[in-house]
Amino acid sequence: MNYFNFKFLAGCALFLMMFSCTPSKKQLVEIQTRLIPVTDTYQTDSLIENYILPYRNSVHKEMSTVLSYTPIDLNSFDGKLESTLGNLLADLCYEQANPVFNKRTQKNIDFVLFNHGGIRAPIGKGGITKRHAFQLMPFENTLVVVELTGDKVLEMVTYLNKSNRAHPISKHVKLHFKKDVMTTFTINKQNFDPSKNYYVLTSDYLQKGGDKMNFFANPVSLHELDYKFRAAILDYFAKTDTIKTQLDQRFKRLN
Amino acid sequence: MNRRNFIQNTGLVTAGLTLGGLSLQSFSTDSRTKITILHTNDTHSHIDPFAANHPKYPNQGGVSRRATLINAIRKENPNTLLLDAGDIFQGTPYFNFYGGELEFKLMSMLKYDCATLGNHDFDNGVAGFYKQLPHAKFDFVSANYDFKNTLLDTLVKPYKTFVKNGIKIGVFGLGVELDGLVLKQLYKETKYNDPIAITQQITNTLKKEEHCDLIICLSHLGYQYKGDPTKISDLKLAAATNNIDLIIGGHTHTFLDKPTSVTNTDGKQVLVNQVGKYGINVGRVDFYFDDLKNITSNGGSIPV
């Protein structure tokens, strides 16, 4: 156990004060500090433990609810610039969020982009529970639609080229590089048009500069969907009996 | 300058010269008043201990073990304060399902005395925090968040004072800038004020009007920002102010083996501490107070 003594000058005043007939007043003379690790050397307090128990049981039961099923392992590292879990995440968020956006604006989301680091846990083959959704997305991030100019979308492409990671992108995009040169860039099977604005679904975290996706800053327009990222995941799992997703070369690089 | 301050200031100079190197350990400790401060930060809804196979924190933390250890220390020294530096909310399904109710109830059962708000304590909005507040049997302090135009108006005080065995302790809170960290729709009309200016004001009040013997800052500003040296942090706050004895920090999830000692504008030492996150550790700081006559009768060795 760490134990530290801090000696300091405040106490010195006492020495002079004892000659000065000042009324007695307690003075700080010494400080000791200690870091106490909370380990199993401490017994559990039964009063507290019993108080937690019904909450724990209820959370456990709720989190163990099976919502869906995946016939394959889903993770964020089974492809090079794409992944099964990343593709699923981007596609399911489009499916959940586009109706909300369309109803409000009569427009459609063009594509989805998240960040690779935002996929917080894999999902193993088998039943998918609520716990998986919470582990996948533990944060309270919300979904937003960002209207980007063609220029900003090109900035995004530069970012994706440079970062060279499997950032989740929805199936609407086909982005291929040959070494460092972009060879294909289509959105909804149309060639990318730099004069056009695009509606991109992402999270409030990334829109605000998370993972240095600065192309999302100061967009043409910003639409908060008031729909939490995790809620979209939970809603999709709840309505989907068996998850179908695959690597489809939406984002790749040839050497 | 009043007489007492004058004598103290003189003492700082001369006693250092005449008494250097002597230790207080030679005293009988009977006369000393010991104030124990226990503290946590960034517990983030971690109510259960980590699993035994957890890769990083196996079998560590857990509120019911924390209760056992705190109860033992309170038994040893009833003059104990238990404090938290914020981010009580968010991090496990307990928060997602119960909105912080269980966190506040357990902290009340552990007899927390005071806490400040972290940015994640706004995760369900000002309204979400307000809703759980009745479950907290302890006070929240924040001196630089102005809650005037929110539900929390008057419910969160700038500071609170405690008297333990004749020693008066002032505890005030400081929160991190919310813009960019928390969505505006969540923090609503909460206004963030400059921590340094507020600290000077509040510690003056605590020192001169409340006559506190000990001043503690519960801070969620963060320990230090190496990449952004202009950003206010606990280390900067400690150096730029006076009157604070101890800053209990949070936000940066900094694991310190021991507190950092920083020289303030008066040339005095301020301790800055932070104990990581998730209730993995509890910090303990024991302040010893003594009075004149005992120092005299014990022959006058004084730590320098």
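**View 1. A four-stranded open sheet in chain A, with strand order β4-β10-β6-β11.** The pairing in this sheet is mixed, where two strands count as paired if DSSP finds at least two bridges between them. Helices (H or I, at least four residues) and strands (E, at least two) are themselves DSSP runs, numbered from the N terminus. At the edges sit β4 (111-112) and β11 (221-228) of chain A, each pairing on one side only. Look for strand β6 (residues 142-148) of chain A and strand β10 (residues 198-203) of chain A: they run antiparallel and are joined by 6 bridges. Residues are numbered from 1 along each chain as its sequence is written, and chains are lettered from A and ligands numbered from 1 in the order in which they are written.

**View 2. Another open sheet of chain A, this one ordered β9-β8-β7-β12.** Here too there are 4 strands, and the pairing is mixed. Its edge strands are β9 (190-191) and β12 (251-254) of chain A, and each of them pairs on one side only. Strand β7 (residues 173-178) of chain A lies parallel to β12(A), with 4 bridges between them. Zoom in on His176(A) and you'll find Lys252(A) of β12(A) opposite.

**View 3. Leu89(A), a residue in helix α3 (residues 84-105) of chain A.** Is Leu89(A) buried or exposed? Leu89(A) is buried, because 26 other C-beta atoms lie within 10 Å; the cut-off for buried is 20 or more, exposed means 12 or fewer, partly exposed is in between, and C-beta atoms are placed from the backbone. Skipping residues up to four places away in sequence, Leu89(A) touches Phe114(A), Ile119(A) and Pro168(A). A contact means that two C-beta atoms, placed from the backbone, lie within 7 Å. Gly117(A) is 28 residues away along the chain from Leu89(A), and their C-alpha atoms are 13 Å apart.

**View 4. Gly126(A), found in strand β5 (residues 126-129) of chain A.** Gly126(A) counts as partly exposed because it has 13 C-beta neighbours inside 10 Å. Which residues does Gly126(A) contact once neighbours within four places in sequence are left aside? They are Tyr69(A) and Thr70(A). Glu62(A) sits 64 residues away along the chain, with 18 Å between its C-alpha atom and that of Gly126(A).

View 5. Chain A averages a pLDDT of 92, with 91% of the residues scoring at least 70; pLDDT is the predictor's confidence in each residue, from 0 to 100. Over residues 8-23 of chain A, though, pLDDT stays under 50. Where pLDDT is low, the predicted coordinates should not be read in detail.

**View 6. Strand β1 (residues 33-40) of chain B and its partners.** This strand is mostly covered, with 6 of its 8 residues buried. It runs antiparallel to strand β13 (residues 281-290) of chain B, and 7 bridges join the two. Ile37(B) faces Val285(B) of β13(B) across that pairing. With strand β2 (residues 80-84) of chain B, β1(B) pairs in the parallel sense over 5 bridges, and Thr36(B) stands opposite Thr80(B) there. Between β1(B) and β2(B) the chain passes through helix α2 (residues 63-76) of chain B in a right-handed β-α-β crossover (with the strands pointing away from the viewer, the path from the first strand over the helix to the second runs clockwise).

**View 7. A hairpin in chain B, made by β11(B) and β12(B).** Strand β11 (residues 260-263) of chain B pairs antiparallel with strand β12 (residues 269-273) of chain B over 4 bridges. Thr263(B) is opposite Gln269(B) in β12(B). There are 5 residues between the strands, and Gly267(B) takes a positive phi near 80°.

Methods. This is a predicted model: local features need pLDDT of at least 70, side-chain atom pairs count only at pLDDT 80 or more; totals for chains, interfaces and linings use all residues.
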